[in-house]
Amino acid sequence: MKTSTALAAALAACLASALPQMASAQDYKIGVSAGLTGYAATVDRAWRDGVELAAAAVNAKGGVMGRKIQVIVEDNRSEPQESVTVYRKMLSSDKVDVFVSGCVSAGNFAAAGLLLRAKVPMMLCSILPQLAEHLPWAFTTLPPAGFEVDKRLEFLKEKTQIRKIAVLHDPTPYANLQKTVAERNAAKYGLEIVSIEQYKQDDADLSVQISKARSAGAGAILKIGLGGTTLTAAKNIKQLGADMLLLTSLEDLAVFGPVAEVLGDKFFFVASPSQVYEALPNGPLKTSIKAFLDPWREKYRDRDPNWASRGWDGVMLTVAAVEQAKSFEGEKLRAAFEELKGFQGTTGVYNFRPDLHQGITDNPFVLATIQNGAVKVVQ
Amino acid sequence: MADWSYIPQVLVSGLGIGCVYGLIGIGFCVIYNASGIVNFAQGAFVMLGGMITQTLFSRHGLPLPVAALAAVAAVAALGVAIERIVVRPLWNRKATMFVMILATLAAQIVIERLTLIAVGDQPKTLPVFTDLPPLMIGSVAIGTQFLWIVGGSLAIVALLAAFFALTRTGKAMRACSINREAAALQGIPVSRMLALAFALSAALGAIAGILITPTQYTAFNVGVPFAISGFIAAIVGGFGRPFGAFLGGLLLGLMQALAIVVFGAGLKTVAALSVLLLFLFIRPSGILGAAK
């Protein structure tokens, strides 16, 4: 008798534990392909955390059209091949409804065909896929690559006497795009690019590239790319005794702190609005950032908010599109994304159109430096 | 006309990173000689050397030399732990070499992930050991950390040579590398030598990590590229030849630096390895010839 009672209790416990699983079948599933390891680990882990924070915030208010958001994250190891595998897994096994994926551009490109066939839209951290046929299903929170470049060229023209510059970039599609923009726009700012050098994200030494740039007469280096190599570049510039400015693309503030200690007033970086929140004037942008930054700081304290804030935007844009479409269906969601206008996010105002899937059209970036440990806007 | 005045500077950079590759390569050789195993956890030792030093220095406020010594000791102890927990059980069961190599690779991944959990994913760095402006020789800048890397590496190579030539333990390790069975018959505790080899190899990896971190950054995932370069250095030098591995590291560092100049960084590894491959066609057993 006791045995059968125990068995019944165990069965009941099993059923009870299965209930939430059954309920979760009604969840709205957001898939995240992110480089949790590999060169993009720092940014994509932050992106993932921003996505999860936003999902929790939406769920706390009852979810989206009555359904809770479930976030499914897979590590693509910052590799295109692995990205295809994880996208396929999330589509076929997890039955993901929409993707809000990280910053590994090549990985998102590689998987774009899968999503096209599955009719599942993706909101990205990275640049958009390069093939025209893939574009209808891809949207991005990333401002145009030229914005990051132009902000630095503008600063060099207006605030320095430097007219010869070097570009140091990693081999990712986004970095190559920025390099191309720099080549195209430098002359507009009266600048000459005298050296273009590539590096790999796991390079332990960049002094060869920096020596070449110095030898070519460059007075400043535009570094384009993610990861700890900014620190390597700064250290190498100092070891070489090179009198050069280092102006880096968007990156984690945690990387910039030690870089500023090495290069002092010769170091500048492109910053997103959330990274300079305290310096922003009151207004819709600051209010929008605050909605994200309050729970972010509560959970992660002084961790850099940049990538996470766009992950937050990715989820909030998706929620807005679902509510606008009044549907969870992929095709309708895709159409709703294309019609999203005037959405105030943490990085700026998003205005999508059928022919424009990169929603931010006004340059939201500032150029900043770090003085006495505090971020200061200079441009 | 092309300006090649920076080539000497490039060679200096290549020598600096080559010394680090060389130290890691020696680590591979020391374990290989004692056991016949290629230890792919070598990269984790490099990463941990820099990471533990950084943590003790920045988070716990220890003076840099104390933090560095503690890191070397901790990583050496970890080397022994890997030998006892991962390698020894397989060794005792006479597992094939491939299984043991795979086990060290698994150990590398486990260490990497545990580091990620412990200290996070943010890149970290150490200050240069001597914060002075670079020494200028003509147009060539010699950073103070470069002097530490080269000087430290040469000192370690000399100490290792003395250790293997002059001490009983060193001679016993050499005996194990020549013939383990014969060494055991002579009363040499072969298994203890294996543990010692792991400790020594781990310490060398940690020292390489501590020397290089002030010139770049360290993070949980920096170990594997160093391990690959150190492995190549060991092969080029003649696998099992510690001094050969050091020369192999220098050659690899120089080749990579020159390859960046000629072909660009994207083809750096391809170009450097192509040249080294050609070299191995001419001299398959490496610079000094394989140990066995």
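We may begin with the place where the chains touch. In the predicted model, 31 residues of chain A are in contact with 31 residues of chain B. On the chain A side, two or more residues come from each of helix H2 (41-60), strand S7 (192-198), helix H7 (207-215), helix H8 (229-239) and helix H9 (253-263). H7(A) makes the largest contribution to this side, with six residues. By residue type, the side of chain A that touches chain B holds ten nonpolar, twelve polar and nine charged residues.

Just after H8(A), Gly241(A) adopts a positive phi of about 65 degrees.

Turning to the division of chain A, the domain assignment gives domain 1 (23-140 + 289-350) and domain 2 (145-272 + 365-377). The centres of these two domains of chain A, taken over C-alpha atoms, are separated by 29 Å. Between them, 13 residues of domain 1 of chain A are in contact with 14 residues of domain 2 of chain A. At least two residues of the domain 1 side are supplied by each of H2, helix H4 (105-118) and helix H11 (306-325) of chain A. Here H4(A) has the largest share, three residues. The domain 1 side of this contact divides into six nonpolar residues, six polar residues and one charged residue.

Chain B can be described as a whole. Its secondary structure comes to eleven helices and two strands, which follow the pattern α-α-α-α-β-β-α-α-α-α-α-α-α along the sequence. Taken along the principal axes, the C-alpha atoms of chain B fill a box of roughly 65 × 50 × 35 Å. A compact globule of 292 residues would have a radius of gyration near 19 Å, and the 19 Å of chain B agrees with this. Of the 292 residues of chain B, 52% count as buried. Among contacts in chain B with a separation of 6 or more, 75% join residues 24 or more positions apart.

Terms used:
Residues are numbered from 1 along each chain as its sequence is written. Chains are lettered from A and ligands numbered from 1 in the order in which they are written. This is a predicted model: local features need pLDDT of at least 70, side-chain atom pairs count only at pLDDT 80 or more; totals for chains, interfaces and linings use all residues. Two residues are in contact if their C-beta atoms, placed from the backbone, lie within 7 Å. Helices (H or I, at least four residues) and strands (E, at least two) are DSSP runs, numbered from the N terminus. Ala, Val, Leu, Ile, Met, Phe, Trp, Tyr, Cys and Pro count as nonpolar, Asp, Glu, Lys and Arg as charged, and the others, Gly among them, as polar. Domain bounds come from an automatic or database domain assignment. The radius of gyration is taken over C-alpha atoms; the globule rule is 2.2 Å times the number of residues to the power 0.38. A residue is buried if 20 or more other C-beta atoms lie within 10 Å of its own, exposed if 12 or fewer, and partly exposed in between; C-beta atoms are placed from the backbone.
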